[in-house]
Amino acid sequence: MSIEIDAIEKSFRGVNALGRIDLELPAGQLTALLGPSGSGKTTLLRILAGLEAPDRGRVRLAGRDVTDVPVRDRRVGFVFQHYALFRHMSVAENVAFGLSVRPRRTRPDSTRIRQRVNELLDMVQLGHLADRHPAQLSGGQKQRIALARALAVEPDILLLDEPFGALDARVRKELRRWLRNLHDQLHFTSVFVTHDQEEALELSDQVVVMNQGRVEQIDAPQRLYQHPASRFVFDFLGRVNVLSGSVHDNALTQGVAFVRLPAAYAGESAQLYMRPHAVRLVDQPTADAYLPLRVEAVNLIGAEVRIELRPDGWESEELWEVGISHSAFDARRPQRGERYFAIPEHGHLFSDYVQAPQPIVWPRTGPAAGAG
Ligand SMILES: Nc1ncnc2c1ncn2[C@@H]1O[C@H](COP(=O)(O)OP(=O)(O)OP(=O)(O)O)[C@@H](O)[C@H]1O
């Protein structure tokens, strides 16, 4: 069921929580609302649910205006961060709850309810726990039961507010994968709130990035990562290396550092943003880039080795980070204090004069001589 958010505004006692929000979320997709704390994600979700009324604007579900429809008649299911399972009920009773409190004329008979609960428990792979009570479950199991309970009433849309927020990293990852698979089987329309970039990018079909009550960008995960529309999105979606400087004669310069730009760019002051994987480390500078850096720290944990570097003879607000393969690391073993040169492969140029960032790709210049 598609969701249409049309010019929604909301403030709390004069404090603006949502500016004017316009969004169309297609049916059958998993959409993430991603943004820092206070950006308005939960407020937007609560307005979709009918738990909060907007000051202005309309909400439509499959074309039907539900702005004034109360929560119980909207056919939405919820899962929140803190599992709101009923403690005195068994797992099966929790899952059955939404069906068993229906008015008599729409309530399925008890055999049908039992059947439905069993189906749902099988779906969340917890059939063997039907008779347990919530206190006897792990955090991840409680969240799966909460999801089964939300799905029991066959909602048109499912809303999840940081559903895995309280769980440890490994369980979170498992549940993400599990939710994605479930979604692919059942094709419900869901919206979930998260402030975890990795979770948003891994789990969703599209991501709505929010900032201070506004939508910064809405895109598929890959596009969002590769084509951020603003500095905010770039920064928010992961580690970034920045060269801030001024542009003269097709080069961006700061202190001893410079990078040649493949085309002419307008604007005196500009910032080049590059992801850690879009930079190589070499022993010698090239004619196109002079970016000396000294190794500050080496982090061996993970699929690649992450090297943190401090600019040498120029400045950046944060340390730079470059990722290299473990085999490249073993071949060269960069040590703290050693000097390397960074060579950009692709990045985005932001300037004070042009709103949109300009993607830049440099032709690859020969094999890396050093750690890259
Ligand atoms: N019931 C309320 N009364 C007053 N202010 C509120 C209320 N609910 C939200 N706000 C304010 O509205 C803004 C948006 O809050 P919201 O909870 O939607 O953000 P969020 O992005 O979900 O944040 P978080 O990730 O911390 O949950 C914040 O400034 C918040 O303080």
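1. In what follows, Ala, Val, Leu, Ile, Met, Phe, Trp, Tyr, Cys and Pro count as nonpolar, Asp, Glu, Lys and Arg count as charged, and the others, Gly among them, count as polar. On that scheme, the shell of residues around the ligand divides into three nonpolar, eight polar and one charged. The residues around the ligand are Phe12, Val15, Ala17, Gly35, Ser37, Gly38, Ser39, Gly40, Lys41, Thr42, Thr43 and His195. Strand E2 (15-25) and helix H1 (41-49) are the elements that give two or more residues to this shell, and H1 gives the most, with three residues.

2. On the source: this is a predicted model, in which local features need pLDDT of at least 70 and side-chain atom pairs count only at pLDDT 80 or more, while totals for chains, interfaces and linings use all residues. Residues are numbered from 1 along each chain as its sequence is written.

3. As to overall layout, the chain is divided into domain 1 (3-233) and domain 2 (239-361), with bounds that come from an automatic or database domain assignment. The centres of the two domains, taken over C-alpha atoms, are separated by 39 Å, and the C-alpha atoms of the chain fill a box of roughly 80 × 45 × 35 Å along the principal axes. The chain holds nine helices and 22 strands; helices (H or I, at least four residues) and strands (E, at least two) are DSSP runs, numbered from the N terminus.

4. Of the 372 residues of the chain, 36% count as buried, where buried means that 20 or more other C-beta atoms lie within 10 Å of the residue's own, exposed means 12 or fewer, and partly exposed lies in between, with C-beta atoms placed from the backbone. Contacts are pairs of residues whose C-beta atoms, placed from the backbone, lie within 7 Å. Among contacts between residues at least 6 apart in sequence, 65% join residues at least 24 apart.

5. Helix H4 deserves a paragraph of its own. The expected span of a helix is 1.5 Å times one less than its number of residues, so the 14 residues of H4 (residues 139-152) should span 20 Å, in agreement with its end C-alpha atoms, which are 20 Å apart. H4 is mostly covered, since twelve of its 14 residues are buried, and these buried residues include Arg144, Ile145, Leu147 and Leu151. They pack against strand E6 (76-80), helix H2 (91-100), helix H3 (110-123), strand E7 (157-161) and helix H5 (169-186). Just after H4, glutamate 154 takes a positive phi of about 50°.

6. Turning to strand pairing, two strands pair if DSSP finds at least two bridges between them. Strand E3 (residues 30-34) and strand E9 (residues 206-211) run parallel and are joined by four bridges, with leucine 33 opposite valine 208 in E9. E9 also pairs with strand E10 (residues 214-219), in the antiparallel sense and over five bridges, and here valine 209 has glutamine 217 in E10 as its bridge partner. E9 and E10 form a hairpin with two residues between them, and glutamine 212 in the turn has a positive phi of about 50°.

7. An open sheet of seven strands has the order E16-E13-E12-E11-E14-E21-E22, with antiparallel pairing. Its edge strands are strand E16 (289-290) and strand E22 (358-361), each of which pairs on one side only. Within this order, strand E11 (residues 241-248) and strand E14 (residues 269-274) pair in the antiparallel sense over six bridges, and the bridge partner of glycine 245 in E14 is alanine 270.

8. Two glutamines may be worth a look when the backbone is checked. Glutamine 125, in the loop between H3 and H4, has a phi near 60°, a positive value in a residue other than glycine, and counts as partly exposed because it has 13 C-beta neighbours inside 10 Å. Glutamine 212 counts as partly exposed because it has 15 C-beta neighbours inside 10 Å.

9. Finally, threonine 189, in strand E8 (residues 189-194), is buried, with 23 other C-beta atoms within 10 Å. Threonine 189 and alanine 27 are 162 residues apart in sequence, but their C-alpha atoms are 5.4 Å apart in space. Not counting residues up to four places away in sequence, threonine 189 touches Met1, Ile3, Ala27, Gly28, Gln29, Asp156 and Ile157.

Conventions
Two residues are in contact if their C-beta atoms, placed from the backbone, lie within 7 Å. A residue is near a molecule or strand if its C-beta atom, placed from the backbone, lies within 6 Å of it.
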